[in-house]
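Hi everyone, thanks for making time for this. Have a look at the picture on the screen, and then I'll walk you through it piece by piece.

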Amino acid sequence: MEMMMWIFLCLFASVGIVQCGTWFWQSFKKPGDVLRGYRVILLDNEPDCLEAQIRLSFSADWRDSGDVILFVDMGLNEECRQICENLLNEIGGACICEISDVPDTIKSLEYLHKRHVEVK
């Protein structure tokens with residue numbers, strides 16, 4: 001029984017050493033290599049709810065998290081599109097795109113972020 005305990009102890013110790021080595025290796029990563037978060041928000045086609053939805057997205061939680069807000073146009077009518085553009089110009093710090101352009105928009109935002117980090 002004592003031998004089984006030593007085997008388990010050695011097994012868990014070796015797993016712990018590998019995990020510590022992984023943490024040590026990851027500590028040398030550049031800030032540009034760290035993945036960023038994206039908060040993807042689907043916009044409603046109701047003018048009454050749209051302003052509240054956008055303002056709620058810019059809450060204090062977002063500013064603390066460092067995520068990029070990406071609003072997705074799910075077929076907004078002209079009135080809703082105008083409300084959205086006015087609010088985003090007023091507040092700033094977010095992107096809006098069509099549903100089919102979400103992957104390309106995220107790729108371009110990642111590219112801009114990496115360029116910004118390299119310049120610093």
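Let's start with R81 and E78, whose side chains meet in a salt bridge at 3.7 Å, N to O. By salt bridge I mean a side-chain nitrogen of Lys or Arg within 4 Å of a carboxyl oxygen of Asp or Glu. Side chains of opposite charge can pair when their charged atoms come close. R81 and E78 both sit in helix α4, three residues apart, which is about one turn of the helix.

Quick word on what you're looking at: this is a predicted model, where local features need pLDDT of at least 70 and side-chain atom pairs count only at pLDDT 80 or more, while totals for chains, interfaces and linings use all residues. Residues are numbered from 1 along each chain as its sequence is written, and side-chain values use heavy atoms, with hydrogens and water left out.

Back to R81. Its side chain also meets the side chain of D73 in a salt bridge, at 3.4 Å, N to O. So how covered are these residues? D73 is buried, with a relative accessible area of 4%. R81 is partly exposed at 28%, and E78 is exposed at 55%. The cut-offs are these: buried is under 20% relative accessible area, exposed is over 50%, and partly exposed is in between, with a 1.4 Å probe and protein chains only.

How many salt bridges are there in the whole structure? A search finds four. One of them joins the side chains of R55 and E51, at 3.1 Å, N to O. R55 and E51 both lie in helix α2, residues 47-57, four residues apart, so again you're going about one turn of the helix. R55 is partly exposed at 37% relative accessibility, and E51 is partly exposed at 37% as well. There's a network here too: salt bridges link E51, R55 and E90.

Okay, let's zoom out. The chain has five helices and three strands. Helices (H or I, at least four residues) and strands (E, at least two) are DSSP runs, numbered from the N terminus. Reading along the sequence, you get the pattern α-β-α-α-β-α-β-α.

Now the strands. Strand β1, residues 38-42, and β2 run parallel, with five bridges joining them. For two strands to pair, DSSP has to find at least two bridges between them. Strand β2, residues 68-73, is also joined by five bridges to strand β3, residues 94-98, and those two run parallel. To get from β2 to β3, the chain crosses through helix α4, residues 78-91, and this β-α-β crossover is right-handed. That means that, with the strands pointing away from the viewer, the path from the first strand over the helix to the second runs clockwise.

Find L70 in β2 for me. V40 stands opposite L70, and in β3 the bridge partner of L70 is C95.

What about the rest of β2, buried or exposed? Six of its six residues are buried. In a regular strand the side chains alternate between the two faces of the sheet. On one side of β2 we have V68, L70 and V72, on the other I69, F71 and D73, and all are buried.

V102 is buried, with a relative accessible area of 16%. In sequence V102 and L70 are 32 residues apart, but in space they are 8.4 Å apart, C-alpha to C-alpha. Leaving aside neighbours within four places in sequence, V102 is in contact (heavy atoms within 4.5 Å) with L70, V72 and C97.

Last stop, the surface. M3, M4, W6, I7, F8, L9, L11, F12 and V15 form a nonpolar patch, with about 980 Å² of accessible area together. Patches are made of residues with over 30% relative accessible area and no salt bridge, where like charges are joined within 9 Å and nonpolar side chains (Val, Leu, Ile, Met, Phe, Trp, Tyr) within 5 Å. The areas come from the Shrake-Rupley method with a 1.4 Å probe, and for residues only the protein chains shown count as cover. Take L9: this residue lies in helix α1, residues 2-26, and is partly exposed at 48%.
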